[in-house]
Amino acid sequence: MGTACYSHQTRKQHLNDIRFGQQNLMFRMVISGIKVKNIQQQSAYVIVKVNEHLYKTTMIRYTKNPHWPQTFTFDLHIDPQSMQTQFFTLQILDDSDKVHYKIKYTLYEIASGPQHHDILFSNQSSIIFDIKVAQKLHFKINTKHIRCILEEQLGDIAYSFLLKIKSQENESQSAISPKYMNPTYSQNDDVPYKYQHIKGGSQRHVSTKKALEAKNEILWEFRTEDSPFMEFDIFADDFQITTFVFVLYANKQTKQEEYKRIGSTYISFNKFFYDNTSQIAQTDTLLIQEAQLNEQLISDGTYIGNWAGTFIIRSNQYVSQCSGVKTETGIVNQSTLLLKKAKSKNNTNKEVDWLIGLQIKVETLSQTMRDKKIKDSEKMRNEILSTLAENHNIKYQSVDEMLHSQSVQIKLWKYLLEQSSKQQTEMVKEICFTVLSELIYRDDMDLDHLSIDTQIERIHNAQLFVTLMIKVIPLCLQRVVDTSCSNKEHDFFVKFAVLSYFRVPQFKQALFPEIENISIHKFYDLAFQNEKGQQLKKELESLKLEMPDKQSVHFYYPFVIQWVNFVQSKFGFNVNWQNIQGYDEIVQLLLSNIQLKNHKFIEASCAIINNSMLLSKFIHILFNQTRVYDAIQVFNTLNIVDVWLQKVNQNYHVLPTNFDYSFFFKGVKLILNGDHAVSISKSLQILYNNFHLITTEPKKELCDFLFSTDLFFKIFMHWSPLVRNTFIHLLIYRIQHRHRSLQSGFEKIRDINKELQYAFFKDYSQKERDQLINDMIYLKYSYIIQIIRKIYQQFQLYNGGKQYVQKVIQERSLKAKLIRKKAKEKKEQQILNDKQNEQDSTTLKNSSRKSELPEISFQSQVSKAQSAIGFAERPNNSMKSLDDDHQKVEEEQVPDNTPMGSEFYQSFSSFIDLNKILQEVEQEQENEENRRRLPKKQQNRCLSPKNITKQQDMKILTRKFPELEFETSGLKASNLKYLQIAYQEYTIVQKEYLRWINQMKCNQRNFNQFDQVKDHQVPLLVIRVPKDESNQEAPQSDD
């Protein structure tokens, strides 16, 4: 445990800290959106005055609804006692400087009141403006307790942490924390816990107990003011865009300050003021709170552990603005005001009521969270989510209804964005972004619907929309690269970036400068018509867009996903992608940032693969960047390729016409010819999952490669159970299952080859040609399986003979030992009898008689056993020459998992003759064919055990095959080591397959033909990296 010791400060000293004492307050004030409705005079301008700050708008003439787009921003320094005595004033004047209306509030009313003002100053005239006030605060954050729990055991000598705060204006960080010393290291040594130094410089192992006590937990506790801390100044409205960073470091050596970054966490500073914060003490100027955080540690996008911390937060007491709208009668909810105006104009409809109802529920949720009514808050949250989940069909009876709904939606967007920046409760913030994400792609907010005609209300909505985009785009570009954003917040801003790409030409040009002739929608001709529109046009053109770096995958991967989703939502599934402006740049952007382990890259690439013509290009790039000897990289590459193929199968059920089979098979063959078991299993899994997508001609090429004896024997009898199981499933559930029913009528491979050679001249259709190839694949499969069965039968025979001979030798050896033991006992007994007679002559006689006892010669038994071995190694000879007492042993079944040495497999591999096995298979097929040609009455006479093929549990069709080329030198001992286990596994999977087929037949009505379940979904086969296969190590090659 790391503990810091230092001087103590009393709580009274904390409260009287001069940095949090009485001093001038600083506020940042932003006044914007000033507009007047139904004014009577022909001209008007506005004067705003706050203390010594005086601002004047431009003069607007000949309109009853003047709008001033200017924004006034300034800092205000004021004494706390002057907040109630100094005023904010706003005046409306005409060109003769006559004051027509005046508003006056104290600065405290402005700082603690709502941001929005909508004040009716006559029967029909009103003024609307926004005042955003944010106080600048001084913070000091002390660390009380930090606890880290890593996924892996501690492997470094010492650990430290660092705290950072990043905001728009400045950046602050704490000092490096005291070191936590790893208890598994000795105090003075820089060696891992497995070793310790002893005298003389040598090393010895630490005890097993100490090694097992290696921990994965790091703990710091601080009890005084000298703990790691940060001090900084920040405006209250910047909490959301300020990031808190926790960084964990490791020390490789104790004597040098060398730090290695292990992991980090980025969260919003606003999270310090969520529900996990409690108040400790407060004065008129100082607030002390305790915040508890529990977050994940991330390293290069990978989760490595968790950390939990307790922090003491000291800050000024500050004034914050409330929610709602200030009117001439007081502060009301914004939704109430919208509903009141709609009813006054008799312009309500179901869509407007639904939108306003959403806003009312969000306001209610915010209020219940402030009142800390947890149960009511959960209930309201569920109501909002259920409202969004409803199948809400947008229907309008008239254009006016849609115009009013558009206006309400834009205001709702603005309200939710403001609430999300103010909220200090995570639940309300998440709900705000959830609602925004659901509203952002609504069809009634499409640019085509915003620019149908030139109605005044239509122009007003278009300008409102452009104003909102101008305000939100800079914030969007900041938040999409901020790793402290919550998932909901980041998803919304990425969607907003996609919306900006298609609706703001400047955004598209800034993102991809190489795009030429960017199209501009007619919507902007409508939005930029009047004087206000021209002002918006200037603001939009002067907007500085700092796009994220092209390597920022935190933004670009989700952007690609949402970009594709937006295009498909607007144009349907069958999109002509080349006609979408920027499509080539999007693809190039994704391919320039390939990260195999990043799940967002996999999701983004799958989105692009919706255009299946890119599949072959993606596989080319990925295979060329993969090192075949890097097992982890190969596994990740194959995993992504499998996901792509499954995506294509889900969308199209067939591979694209431009798919490069030869290149794909080249990569698969390189892996299958390798030695890494997991890579081989993963490549076989890809073939298993996507075998049905491969067309007939490439499928024949693939099967010819799989049925080559070198590869087939290597994989079928592989040392890894993972490889064997995957390959057996591929053989049974894909090759046997899909090609089992012969349809061409040919039963010989040479006949099918002849037909394929002359298929062009015989005008075979593609379907008939596919039938010929499918039958050829199954015949070759049946042939190779029968060869395996023959080898297994000879293996059992050879193994039985060896075990029998070993047993004979063992029994005869024991019998010889027993005879010698009895002879020795008899000799000892005779000596005792001779001593009693005490006669030397008799003793000499007796001893001479003992030497004439018949002694069993063990050498003769061994020679007989060796002669028996000679019979066993020649299977054609009879075993009758062995003793009759052991005939029963010869007939017994050999145990399945008998341990055998490498010498046994070496001798068996030299004993096996593949050419002889081929001849036996050929002869069996000849006998079977001749038997079928005989009349039924004569078939029974010709049946004998010699010409009947024993199928055991397999139901493989027997047919006539041509002679294929095989090795004449025999099988390798390394393959034969797992022959018995592999064949038993094959038999088990074959039985499972038959049960699966029967179940499919039972589940389907009117099942008459096998083809009805040929394409039925086969059992799922998942390949994962095994934890440990060290007990089944790969054997060395015999070459």
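The following dialogue examines how several residues of this predicted model are classified.

Visitor: Why is Asn 690 called buried?

Guide: Its relative accessibility is 4%, and buried means under 20%; Asn 690 therefore counts as buried. Asn 690 belongs to helix H21, residues 677-690. Leaving aside residues up to four places away in sequence, Asn 690 touches Asp 642, Leu 645 and Gln 646.

Visitor: What makes Tyr 629 exposed?

Guide: The relative accessible area of Tyr 629 is 82%, and exposed requires over 50%, so Tyr 629 is exposed. Tyr 629 is placed in the loop between helix H18 (615-624) and helix H19 (631-651). Together with Val 628 and Leu 670, Tyr 629 forms a nonpolar surface patch of about 390 Å² accessible area.

Visitor: Why is Val 332 called partly exposed?

Guide: Val 332 has a relative accessible area of 25%. Buried means under 20% and exposed over 50%, with partly exposed in between; Val 332 is therefore partly exposed. Val 332 sits in strand S25, residues 330-332. Val 332 and Pro 114 are separated by 218 residues in sequence, and their C-alpha atoms are 9.4 Å apart.

Methods:
Residues are numbered from 1 along each chain as its sequence is written. This is a predicted model: local features need pLDDT of at least 70, side-chain atom pairs count only at pLDDT 80 or more; totals for chains, interfaces and linings use all residues. Side-chain values use heavy atoms; hydrogens and water are left out. Helices (H or I, at least four residues) and strands (E, at least two) are DSSP runs, numbered from the N terminus. Buried means under 20% relative accessible area, exposed over 50%, partly exposed in between (1.4 Å probe, protein chains only). Contact means heavy atoms within 4.5 Å. Patches are made of residues with over 30% relative accessible area and no salt bridge: like charges are joined within 9 Å, nonpolar side chains (Val, Leu, Ile, Met, Phe, Trp, Tyr) within 5 Å. Accessible areas come from the Shrake-Rupley method with a 1.4 Å probe; for residues, only the protein chains shown count as cover. A salt bridge is a side-chain nitrogen of Lys or Arg within 4 Å of a carboxyl oxygen of Asp or Glu.
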